[in-house]
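Have the structure open while you read.

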Amino acid sequence: MKLKVCVIGGAGYIGSHAVYELIRDGHEVVVIDNLSTGSRNMIHKDAKFYYGDITNKQDLKNIFNIECSVKPFDVIMHFAAKLIVPESVDKPLEYYYNNVEGVRIMLEVMTDFNIKNVVFSSTAAVYGEPVNSVCSETDITCPINPYGETKLASEKLIKWVCKKYNMNYCIFRYFNVAGADKSLEIGLNKDNLTHIVPITVQTALGIRKSMDVYGNDYDTSDGTCIRDYIHVSDLADAHVLGAKYLVENNKSLLVNLGSNKGYSVLEIIKEVEKHYPVNYKITDRRKGDPAKLIASNEKAKEILGWSPKRDLSEIINSDIEYRKKIMNKS
Ligand SMILES: NC(=O)c1ccc[n+]([C@@H]2O[C@H](COP(=O)([O-])OP(=O)(O)OC[C@H]3O[C@@H](n4cnc5c(N)ncnc54)[C@H](O)[C@@H]3O)[C@@H](O)[C@H]2O)c1
């Protein structure tokens with residue numbers, strides 16, 4: 001089945017990987033992005049690109065008018081969010097506008113053009129403080145920052161609109177995402193990285209002098225926090241499966257994308273140290289970091305037949321190789 005998929009936010013980290021996997025699986029891809037945090041050179045050469053802002057209804061209408069007059073989109077994928085937690089605390093109005101109003105406008109245009117299927121990127125941040133160390137989709141949602149609130153509000157909006165207009169949603173809640181595409185053409189390339197894997201790799205490669213490990217007195221085997229890490233290409237694969245599921249089954253779903261497995265911060269450092277030494281120091285705990293957060297992937301396995309194929313060594317290797325490549329280019 002060849003689908004026509006519109007990827008909004010397809011010039012960003014995760015969206016660009018979804019575009020690569022969609023194209024590898026033989027689908028037609030149209031990317032819409034305002035390039036606020038994404039970049040033109042992250043977009044696959046076989047995807048069609050439109051510069052546009054999801055909060056501007058006219059932008060979307062113009063693009064949908066051109067594209068849907070040829071062939072309507074089968075599925076819309078939404079990655080176009082702002083996602084830096086401290087920034088969301090500083091700029092809640094901006095975050096609600098971009099993340100929630102953007103989704104509202106996208107849904108309005110989908111109903112105008114009678115497009116039935118949407119895949120939405122959500123986040124573990126909708127759960128807030130974890131109640132269980134292995135998080136499942138039935139856990140209580142109680143975000144503790146504006147970013148998480150905007151994603152939960154978007155999820156709810158999507159559910160209500162899909163119910164009213166007989167549309168289908170596939171909502172994916174991600175945990176810790178890392179790694180780079182096997183082509184090494186795309187990866188996580190941003191200033192002010194906040195994720196542990198690229199920070200550790202940057203330290204190993206000498207881009208940073210040292211890194212902090214926030215606390216080693218947690219109730220875990222080595223005292224450092226445990227998290228669930230997923231290769232970005234495994235997430236991208238799930239998006240392809242999710243898009244096909246919506247079209248084939250005409251049903252909605254909401255699933256966590258995790259590995260059922262966790263690694264501590266020191267285990268991440270050790271994995272990177274198989275390649276290069278890492279200079280780190282133990283500092284105080286950060287406020288609000290739970291000791292352990294792992295995602296159950298039973299539901300994703302059962303409904304989509306999805307589970308991660310790439311392990312931690314592949315996540316780390318691909319990030320190292322990608323970072324070396326972009327270092328050599330600059
Ligand atoms: N990166 C993670 O670890 C992570 C974890 C959980 C959930 N998510 C979710 O995944 C999605 C993608 O995250 P990412 O890491 O790829 O972020 P990213 O910043 O790399 O990508 C977002 C893309 O959307 C575009 N965009 C933003 N606002 C837009 C607008 N108004 N109109 C058009 N384009 C717009 C940006 O230019 C960028 O290309 C987000 O929805 C985020 O909430 C990410």
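At roughly what angle do the axes of helix H6 (residues 196-204) and helix H10 (residues 312-329) cross? The section on helix pairs begins with that crossing.

## About the model

This is a predicted model, in which local features need pLDDT of at least 70 and side-chain atom pairs count only at pLDDT 80 or more, while totals for chains, interfaces and linings use all residues. Residues are numbered from 1 along each chain as its sequence is written.

Helices (H or I, at least four residues) and strands (E, at least two) are DSSP runs, numbered from the N terminus.

## Helix pairs

The axes of H6 and H10 cross at roughly 55° and come within 10 Å. Axes here are lines fitted to C-alpha atoms, for helices over the stretch in contact, with angles running from 0 to 180 degrees between N-to-C directions. That angle makes H6 oblique to H10; angles under 35 degrees count as roughly parallel, over 145 as roughly antiparallel, 65 to 115 as roughly perpendicular and the rest as oblique. Val197, Pro198, Val201 and Gln202 of H6 make the contact with Ile315, Ile316, Asp319, Ile320 and Arg323 of H10, where contact means C-beta atoms, placed from the backbone, within 7 Å. These residues divide into six nonpolar, one polar and two charged. Ala, Val, Leu, Ile, Met, Phe, Trp, Tyr, Cys and Pro count as nonpolar, Asp, Glu, Lys and Arg as charged, and the others, Gly among them, as polar.

Next come H4 (92-112) and helix H5 (residues 146-164), whose axes come within 9 Å and cross at roughly 15°. That makes H4 roughly parallel to H5, and the crossing is right-handed. The contact involves residues of H4, including Tyr95, Tyr96 and Arg104, and residues of H5, including Tyr147, Lys151 and Leu157. By class, the contact of H4 with H5 has 12 nonpolar, three polar and two charged residues.

## The seven-stranded sheet

An open sheet of seven strands runs in the order E3-E2-E1-E4-E5-E7-E12, with parallel pairing; two strands pair if DSSP finds at least two bridges between them. Strand E3 (48-51) and strand E12 (253-257) are the edges, each with a single partner strand, so one side of each has no neighbour in the sheet. From one strand to the next, the twist averages 20°.

Within this sheet, E5 and strand E7 (residues 168-174) pair in the parallel sense over seven bridges. Asn117 stands opposite Asn168 in E7. H4 lies across strand E1 (4-8), strand E4 (75-78) and E5, and runs at about 175° to E4.

## The four-stranded sheet

Four strands form another open sheet, with mixed pairing and the order E6-E15-E10-E13. Its edge strands are strand E6 (134-135) and strand E13 (263-264), each pairing on one side only. Strand E10 (residues 226-227) and strand E15 (residues 292-295) pair in the parallel sense over two bridges, with Ile226 opposite Lys292 in E15.

## Around the ligand

Which residues come nearest to the ligand? Of the 26 residues around the ligand, they are Gly9, Gly12, Gly38, Ala80 and Ala81; a residue is near a molecule or strand if its C-beta atom, placed from the backbone, lies within 6 Å of it. Helix H1 (13-24), helix H4 and strand E5 (117-123) are the elements that give two or more residues to the shell. H1 gives the most, with three residues. By class, the shell around the ligand holds 11 nonpolar, 12 polar and three charged residues.

H1 also meets helix H7 (residues 232-249): their axes come within 8 Å and cross at roughly 60°. That makes H1 oblique to H7, and the crossing is right-handed. Among the residues that make the contact are Tyr13, His17 and Glu21 of H1 and Leu235, Asp237 and His239 of H7. The residues of the contact of H1 with H7 divide into nine nonpolar, three polar and two charged.

Notes: A crossing is left-handed if the near helix is turned anticlockwise from the far one by less than a right angle, and right-handed if clockwise. Two residues are in contact if their C-beta atoms, placed from the backbone, lie within 7 Å.
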